[in-house]
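Let us walk through this protein one piece at a time. Keep the model in view as you read.

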Amino acid sequence: MTEGRREKRERREPRREREEEREELDERVVDITRVAKVIRGGRRFAFRTVVIVGDNHGKVGVGVGKARGVPDSIRKGSERARKNMTKIALSGTTIPHEVTATYGGAKVLLRPASPGTGVIAGGGVRAVLEAAGVRDILTKSQGSANLLNVAMATMAALEMLRTPQEIAAMRGKDPKDVRPFWERREVTTNE
């Protein structure tokens with residue numbers, strides 16, 4: 001009997017490891033919206049949530065969950081966000097180059113910033129960037145203010161980013177020449 005209990009305990013340990021891995025991720029609920037489906041007897045209400053999950057080290061994902069109850073929709077959204085997590089190119093605490101992306105009616109501009117600037121962004125853009133681990137960036141959100149579209153446009157912009165090495169290879173230049181000016185300044189002062 002004691003052997004059976006010991007085996008059960010050993011089987012449970014991997015589940016704890018998965019829970020610990022989940023706790024490392026930064027999970028943010030950006031938007032909770034009540035949506036309605038018109039049926040024969042009237043309207044059936046549900047909740048749509050937009051959840052952003054990131055590891056603060058360059059991996060981030062956006063998930064949308066819809067359910068009759070808020071907790072269920074948040075759970076579904078976070079599961080989908082974990083599945084959709086993608087690695088993005090970072091250059092220290094900022095992004096390697098300027099990028100603009102659209103999604104639906106939302107248009108988002110992301111511009112690299114020198115260290116110490118902070119995250120100059122609002123709403124959905126800020127949540128995605130902070131979950132991704134970006135610490136210094138300038139942004140502008142244009143067009144639609146719909147939080148889901150803004151978050152998806154930000155994700156599209158982050159997926160467009162290329163590392164300085166990739167850009168240098170495409171242009172046929174040295175990677176040092178493609179870096180932001182504050183990084184070039186540091187390299188010249190150190191030499």
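Start with a pair of strands: β5 and β6 pair in the antiparallel sense over 5 bridges. Two strands count as paired if DSSP finds at least two bridges between them. Helices (H or I, at least four residues) and strands (E, at least two) are DSSP runs, numbered from the N terminus. Within this pair, Ala101 stands opposite Val108 in β6. The hairpin of β5 and β6 has 2 residues between the strands, and Gly104 takes a positive phi near 60 degrees there.

A word on the source. This is a predicted model, in which local features need pLDDT of at least 70 and side-chain atom pairs count only at pLDDT 80 or more, while totals for chains, interfaces and linings use all residues. Residues are numbered from 1 along each chain as its sequence is written, and side-chain values use heavy atoms, with hydrogens and water left out.

Now step back. The protein has 7 helices and 8 strands. Of its 191 residues, 36% are buried. Buried means under 20% relative accessible area, exposed over 50%, and partly exposed in between (1.4 Å probe, protein chains only).

Next, find the open sheet. Its 4 strands run in the order β1-β2-β3-β4, with antiparallel pairing. β1 (26-39) and β4 (86-87) stand at the edges with a single partner strand each, so one side of each has no neighbour in the sheet. Strands of a sheet pair through backbone hydrogen bonds, either parallel or antiparallel. Strand β2 (residues 42-54) pairs with strand β3 (residues 59-67) in the antiparallel sense over 8 bridges. Here Gly54 stands opposite Val60 in β3.

Helices lie against this sheet. Helix α3 (residues 123-132) packs on the sheet and touches β1, β2 and β3. The direction of α3 makes about 135 degrees with that of β1. Helix α2 (residues 70-83) lies across β1, β2 and β3, at about 145 degrees to β3. Axes are lines fitted to C-alpha atoms, for helices over the stretch in contact, and angles run from 0 to 180 degrees between N-to-C directions.

What lies inside? The largest nonpolar core has 30 residues. Such a core is a set of buried Ala, Val, Leu, Ile, Met, Phe, Trp, Tyr and Cys residues joined through side-chain atoms within 4.5 Å. Those with the most contacts inside this core include Ile52, Val60 and Leu158. α4 gives the most to this core, with 7 residues. Ile52 touches Val60, Val128 and Ala151, among others, not counting residues up to four places away in sequence. Contact means heavy atoms within 4.5 Å.

Look at helix α4 (residues 147-160) itself. At 1.5 Å a residue, its 14 residues should span 20 Å, and its end C-alpha atoms are 20 Å apart, which agrees. The expected span is 1.5 Å times one less than the number of residues. Among the buried residues of α4 are Leu148, Ala151 and Leu158. Asn146 caps the N-terminal end of α4, with a side-chain oxygen 2.9 Å from the backbone nitrogen of Leu148.

Finish with two buried residues. Ile167 is found in helix α5 (residues 164-171), and has a relative accessible area of 9%. Ile167 and Val178 are 11 residues apart in sequence and 7.3 Å apart in space, C-alpha to C-alpha. Ser91 is found in the loop between β4 and β5. Ser91 is buried, with a relative accessible area of 5%.

Notes:
A polar contact is a pair of N or O atoms within 3.5 Å; within protein, one must be able to donate a hydrogen and the other to accept it, and residues adjacent in sequence count only if both atoms are side-chain atoms.
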